[in-house]
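This report describes ring contacts and the ligand site of one model. The sequence and structure are shown first.

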Amino acid sequence: MASSLWHGFADMGAVTASGPFVITKGEGTKVYDADGNEYLDATAGLWFTNVGHGRTEIADAVAKQLSTVAHFSNFGDYASDVTIALAERLAEKAPVPGSKVMFTSGGSDSVETAVKLARRYWVEQGRPEKKIVVGRSKAYHGMHVAGTSLAGIAPNKEGYGETFMPDTETVDWDDAKSLLGLIERIGADNIAAFFAEPIIGAGGVYLPPDGYLREVREICRDHDVLFVADEVVTGYGRIGAGEWFASGRFDLAPDMITSAKGLTSGYVPMGAMIAAPHIAEPFFAGGVWWRHGYTYGGHNGAAAAAMANFDILERENLLGEAARLEGDLAKAFAPLADLDAVSEVRTGLGAVTAVQLADPATAPAMVLKLREQGVATRAAGQGALQVSPAFVMGTDEVDELASRFAAALS
Ligand code: PLP
């Protein structure tokens, strides 16, 4: 079926030849295609439908807000009541007390905002030479210019010239010494910030080695390098342990957090950059303009969706359910590592798991086989089948999901 829609991350020739896989309905942990076939949603959309599909409570809250005042502006002294209320509520959940929140339209915006703020912060400190931003191999930080350059997935960076954004560096994703070595080599005086996803998501679901996050946090603190936790995937409960953020679970006290996705459970696009008080202070002290912001940052409809999403997460103890999923997923999926088609199962931290295919080239065929079994998933990184369900997925359903994976992979 020829369509005018240009899909993201796709070979459009192949999509045009095979036709798009069209989702027309969602309910809880399930989605339905145009023919009415039902699929377990293994991925919560693209890691965002934390409260599950079909929550009319969120839709109603958005409708009410849009018919009151859909949006205005949050530039200068303008703001909306609902956006201020959400910022207060989010600041209370932030791991560093007294944090300030700048809303964006999604994760990529949040990353660009943090990169720019890191550099501007050092300018305000009288240290403009601290410009370099450091990311990790395998990392994904969205698709804007800074995020593309900062990330560590080589194919995503190809085709835009030698240096898409200058002053970016990459270190090994799993070795704190690699960061330390870079700092010693190029000098902390030249480095603005280090960005890390607490769990590498789109790069293939890689869990941090024991002690790694605390170690890199310490290195950054010791060398006056800002530490930015990219929690677009791990935020809003997905990290498990009943925590809102991985930064809380691992006691990272980051200088900034970038987030999106689970903030609204994806019902309406929205992201947030959360800055610790000492980062915000120079910009709140008076006399400094930060010439940055987005028309739809803090959009009223999105803010209403986030408020209703938080209501549901709290009322139904869904952070507790995400903690349960950590154990459920590990128990159900770890045995799949014995299958010939599988080289490894990465699981046991947060409500995420990856089933790593022994032959990554088989990933597209495996995704189709899984669809035949009634599972909607995708391959991340190099042939890592993604499992990151909504927090409302029960233990029985997790077992069912794993047995469908086993059937497809056998
Ligand atoms: N950062 C991380 C860690 C992500 O996983 C993503 C998206 O998956 C982004 C940034 C970009 O977010 P968005 O696609 O909402 O722009």
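Lys-93 sits over the face of Phe-310, 5.1 Å from the ring centre; such a charge has NZ of Lys or CZ of Arg within 6 Å of the ring centre and within 35 degrees of the ring normal. Phe-310 also belongs to a cluster linked by ring pairs, together with Tyr-236, Trp-244 and Phe-245. The model is predicted: local features need pLDDT of at least 70, side-chain atom pairs pLDDT 80 or more, while totals for chains, interfaces and linings use all residues. Residues are numbered from 1 along each chain as its sequence is written, and side-chain values use heavy atoms, without hydrogens and water.

The structure holds twelve aromatic pairs (ring centres of Phe, Tyr or the six-membered ring of Trp within 6.5 Å; planes over 60 degrees apart are edge-to-face). Two edge-to-face pairs are among them:

| Pair | Centre to centre | Angle between planes |
|---|---|---|
| Phe-21 and Tyr-39 | 5.1 Å | 90 degrees |
| Tyr-236 and Phe-245 | 5.1 Å | 65 degrees |

Arg-371 lies over the face of Phe-21, at 3.9 Å from the ring centre.

At the ligand, one oxygen atom is 2.6 Å from a side-chain N or O atom of Ser-108. A nitrogen atom of the ligand is 2.8 Å from a polar side-chain atom of Asp-230.

Definitions and conventions: Polar contact = N/O pair within 3.5 Å; in protein donor to acceptor, adjacent residues only side chain to side chain. Phe/Tyr/Trp six-rings, centres within 6.5 Å; stacked < 30°, edge-to-face > 60°.
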